[in-house]
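Please look through the model shown below with its backbone geometry, its domains and its annotated positions in mind. The paragraphs that follow go from one chain to the other and end with the residues that a database record marks.

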Amino acid sequence: MRRRSFIQCIAGLTVVSSFLPSCQQQRVISGSIIGASAHTGHLLRDKNFAAPVTVTEHSVVVVGGGISGLSAARQLHRQGITDMVILDLEKEMGGNAACGKNQISAYPWGAHYVPIPNNDLTAYIDFMRECGVVTSPTDAPLPTYHDYYICFDPEERLYINGQWQEGLVPHYGVPDAERKQVQAFLHQMQVFREAKGQDGKDAFTIPMDNASKDPAFTALDTITMKEWLHQQGWTTPYLQWYVNYCTRDDYGTNYDEISAWVGIQYFASRKGKGVNVEHQDVLTWPEGNGWLAGHLKKELQPYFHNEALVARIQEEDGKLSIDYFDVKESRLKRIRAQQCILAVPQFVAGRILQDEARIRKVHQHIQYSPWMVANLRVGDLEERTGFPSSWDNVIYNSPSLGYVKATHQQVTQEKAVRNLTYYLPLTGGQPAEERKAAIERTHTEWVKMIVNDLDKVHPNIAEAIEEVNIMIWGHAMSKPVPGMAHGNIRQELAASVNNRLHFAHTDLAGNSLFEEAFYQGLSAAQKVITQLSGKI
Amino acid sequence: MSKKESGAQWLLLTAVFVIATCGLIYELVAGTLASYLLGDSITQFSTIIGVYLFSMGIGSFLSKYFNTNLLAWFIRIELLVGMVGGFSSALLFIVFPMAASFRIILYAIVLITGVLVGLEIPLLMRILENKVAFKELVSRVFTFDYIGALLASLIFPLLLVPHLGLIRTSLFFGIMNVGVGWYLAYRFSKDIRQGALLKVTAILLLAAQVVCFVFSEKIMSFSEALTYDDNVVYSTSTPYQRIVITKNKHELRLFLNGNLQFSTADEYRYHEALVHPAFSSLSKPEQVLVLGGGDGLAVREILKYPTVQQVILVDLDPAMTQLFSRQRMLAKLNDSSLLNPKVRVYNADAFTWLRNNKIRFDAIVVDFPDPSNFSIGKLYSTSFYQLLKHALRPDGIAVIQSTSPFVAPKSFWCVDTTLRAVGLHTVAYHNYVPSFGEWGYIMATPTPPQEWFGHLPSPLKYLNPTTLQQMLTFPEDMKAHQLLDINKLNNQALVKYFEEEWGKYLER
């Protein structure tokens, strides 16, 4: 036997062995697809609603129970505005912070962590204190965070060059010259983290709108992250992969599409400090940001109207007529309100307001990226060599973002049966096509895709999977392409209408982060309060 | 070409086919086994294939030194390949736990099979060189060679591994190899010298391999038993761990996941040292909590204090506590302490149990496994010790088994640092337990007693007042000599120290 025959044999062996799991996969893996009520949502696009059957009066209506809407409503409630209704399409409020639960643990359906808050975000830190996340009093020089909510060690690992390494920045098997590029990049991010503009403001910060307008930095909003990396001469595929991973992770956008300014924002805007944490630490819970949403919701239960699809909003006699389709009763109802906060994505806002100019602008400037999130209940998994199982487990060059162990923050001894949350931003093609393909894909096809991906790191994954539930987010978040951060489009779309209708959403903030949504809500609530108190 | 010669030629070509199949199978077995036992399948397969191909080159080179009796040599080699390859996986399974140099044996086997297979093709071509036209010869030999390889690569993953397992697969092909050798010896016995000897050797080998094939299950279990020095008298796998109990004339030992927990020869040294320094410093221990320690041996010592009213034992694994309550030989070791009416056993996760606990205890004995992984590391964190502190009365004392201060001084003092970080006062001490070596413990209390160490109960086999004092002295090689990190859930500093120190120690 010679070398060639060997190569053939081994190639044959891999082909054959790759058939093996698929034969065994005849076993039906249970679970379902639970898209974010796309069907009901599309009624807005497709259906002509009749006249409303009931009319009620309220002073404020909040449309959308995502983080922006909840944060606005909570602020209004705290300011004594109790004649309020919150309308949301879904059965549960929470938006992208949705979560689920099975016999093992709770798990996230979307966003699953927040970074340590920047220390100037007082209102946000106060909220964290109320939740018990910050344990120190308001007058403490630095906040102390609850140990149970700081992500436990081991936090992250990357499967690269045949082994698991600690951390996500590629180093295992990376040649020295390329490692130096990665180091240079990280150093530059540290420089940006500390940089200030001519106006004295931080070059990069959260919320994005508080950042410096110094053209030295905002010029970065005119090129893509990939172009910027090439300008710097940082061409190693390891760094390109890492940056692309990060922009897909936070913004669902490839690095060759995203604004360089926003790409850098990911690395340079997080500078929170605490007694027991560093800026790179994160806060997380089994149900992800659903835990925080739960705290936002706490006092708001009486205001909730779930499964309510807002069909149109019109202005009549100095008031707003808000017509919504009550899914449970299958009837159109009307609320007449003095003030309204539209805490929905702009492509929905355009349709609700039947505002052709807005629809056109949104269509022209904003793209929404689709995502697939799967929760996997798995038994004992075979492991590859290297760093042990961590909170965030990423595979180099995989189309997915890997998986997060939902059971990681449990203090109990690790059990064989676990919940893994698998994230796949659908950034392969044009969003509309990806969205269509995603909706058409069957449960079996999704499971096969996931198994093929994770098979590299857990050879027995096909047998170990017990259940897979899948969420399709058709319009998960808006893409921060060049011009979104420092162009005018967001301001144009965010302007209140006749001081009665206000907007709050992360697509107006420019990026889909919990903190951005929180402040979107606060600022919209403030506008409502100003208007209402002005009238009294 | 006569009909007889043509028959002989085809027979030899069939031999090529079998050799090719068997040769590749042995490499696949070696690669798979190495991946199973050593992990990192990419490296294992890659190096094994490389060594194999290189050895075939050596074999081809050596073939020029064979000048006479080519057919007899060919048959001998056939039998040798059958023997080495056939027994290879059984041998590797057995030597894995015994030999420190498992890799050397593995690569030696790969090298030998490679050399032998590499010898065969050139020899065969020379046997046939005058009987067939050269271009025909090359064409036929290599065709069969490659077809054999393809067959091997297909049946190995599809049929052999799932249905026969590794030991039987290699034996099966050993039998095939030897069978071909025997048939060639039988068929050409007139053409070769010592034909009879070859036939007898072949038959003996065949018999040995068939026996092994039948008893392959026994070989598997023998290989596990060899991991332990003594007879395995009990073994079971629970959802949490593998429990193995071994016994020889003098002592009984308990292993959890392969780690020694105690030996009856000296466990009293460990358990007396774990319990009595803390308990003798308490004026009146009444409410007691034991975390871990499902073997009931610490409870046996605790029950020597008549003031004790209640002992709550929390151990994760019901299989452990049941075994040490019900199994007579084991219950005798702990004086049936787990069946004592003062003792209540809860099978629960210690962290969760402590989080929900409302009782305040006079004494808490923490007897967890060493912090060898991130999961157990949580039970040595500030978050856990905060709960521990909360579960102690102001004058209560907790004692924590804290690994070996000799092997792992940083780990040991990291536990001390972590306890102090949550505001507990600590007293560290150590003693010698022959089965473990030098071992360490740390007492922790919200308010230190007026005086440490009071009256010791009797009977004790190890401790006396002088020994108690001696245990407090730490020689220089059991000190950390550096500022240590506090072990927290989000840094797991202790697991890192532990891995570094024990890893280095076990490398020796």
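In which loop of chain A is P154(A) found? P154(A) sits in the loop between α4 (122-131) and β6 of chain A, where helices (H or I, at least four residues) and strands (E, at least two) are DSSP runs, numbered from the N terminus. This is a predicted model, in which local features need pLDDT of at least 70 and side-chain atom pairs count only at pLDDT 80 or more, while totals for chains, interfaces and linings use all residues. Residues are numbered from 1 along each chain as its sequence is written, and chains are lettered from A and ligands numbered from 1 in the order in which they are written.

The peptide bond that joins D153(A) and P154(A) is cis, with omega about -5 degrees. A cis peptide bond also joins I206(A) and P207(A), here with omega about -10 degrees, and P207(A) is placed in the loop between α5 (176-194) and α6 (215-218) of chain A. Another backbone feature of chain A is E307(A), which has a positive phi of about 50 degrees although it is not a glycine. E307(A) belongs to the loop between β9 (304-305) and β10 (308-316) of chain A.

The strand β6 (residues 156-160) of chain A pairs with β7(A) in the antiparallel sense over 4 bridges, two strands being taken to pair if DSSP finds at least two bridges between them. Within this pairing, I160(A) stands opposite Q163(A) in β7(A). Both strands belong to an open sheet of 7 strands with mixed pairing, whose order is β7-β6-β14-β15-β16-β13-β17 (chain A). The edges of the sheet are formed by β7 (163-166) and β17 (465-478) of chain A, each of which pairs on one side only.

The domain assignment of chain A gives domain 1 (42-93 + 300-366 + 481-535) and domain 2 (179-280), with bounds that come from an automatic or database domain assignment. Taken over C-alpha atoms, the centres of domain 1 of chain A and domain 2 of chain A are separated by 32 Å. Each side of their contact is made up of residues in contact, that is, with C-beta atoms, placed from the backbone, within 7 Å; domain 1 of chain A gives 14 residues and domain 2 of chain A gives 14 residues. On the side of domain 1 of chain A that touches domain 2 of chain A, helix α18 (residues 514-535) of chain A gives the most, with 3 residues. The residues of that side of domain 1 of chain A divide into 7 nonpolar, 5 polar and 2 charged, where Ala, Val, Leu, Ile, Met, Phe, Trp, Tyr, Cys and Pro count as nonpolar, Asp, Glu, Lys and Arg as charged, and the others, Gly among them, as polar.

F49(A) is located in the loop between α2 (38-46) and β1 (54-63) of chain A. F49(A) and A311(A) are 262 residues apart in sequence, yet their C-alpha atoms are 7.7 Å apart in space. Leaving aside neighbours within four places in sequence, F49(A) is in contact with A311(A), D323(A), F325(A) and L332(A). F49(A) counts as partly exposed because it has 15 C-beta neighbours inside 10 Å; a residue is buried if 20 or more other C-beta atoms lie within 10 Å of its own, exposed if 12 or fewer, and partly exposed in between, with C-beta atoms placed from the backbone.

Between the two chains, 26 residues of chain A are in contact with 34 residues of chain B. By class, the side of chain A that touches chain B has 14 nonpolar, 7 polar and 5 charged residues.

In chain B, the UniProt record (unreviewed entry) places the feature "transmembrane region" at several stretches, including residues 104-125 and 166-185; UniProt positions are given in the numbering used here, feature names are shortened, and annotations may be inferred rather than shown by experiment. Over residues 104-125 of chain B the chain is 100% helix and 0% strand, with the end C-alpha atoms 32 Å apart.

The UniProt annotation "binding site" (unreviewed entry) covers Q241(B), D315(B), D349(B) and A350(B). Q241(B) lies in the loop between β1 (231-237) and β2 (242-247) of chain B, and D315(B) in the loop between β6 (310-314) and α11 (318-326) of chain B. Q241(B) is partly exposed, because 18 other C-beta atoms lie within 10 Å, whereas D315(B) is buried, with 26 other C-beta atoms within 10 Å.
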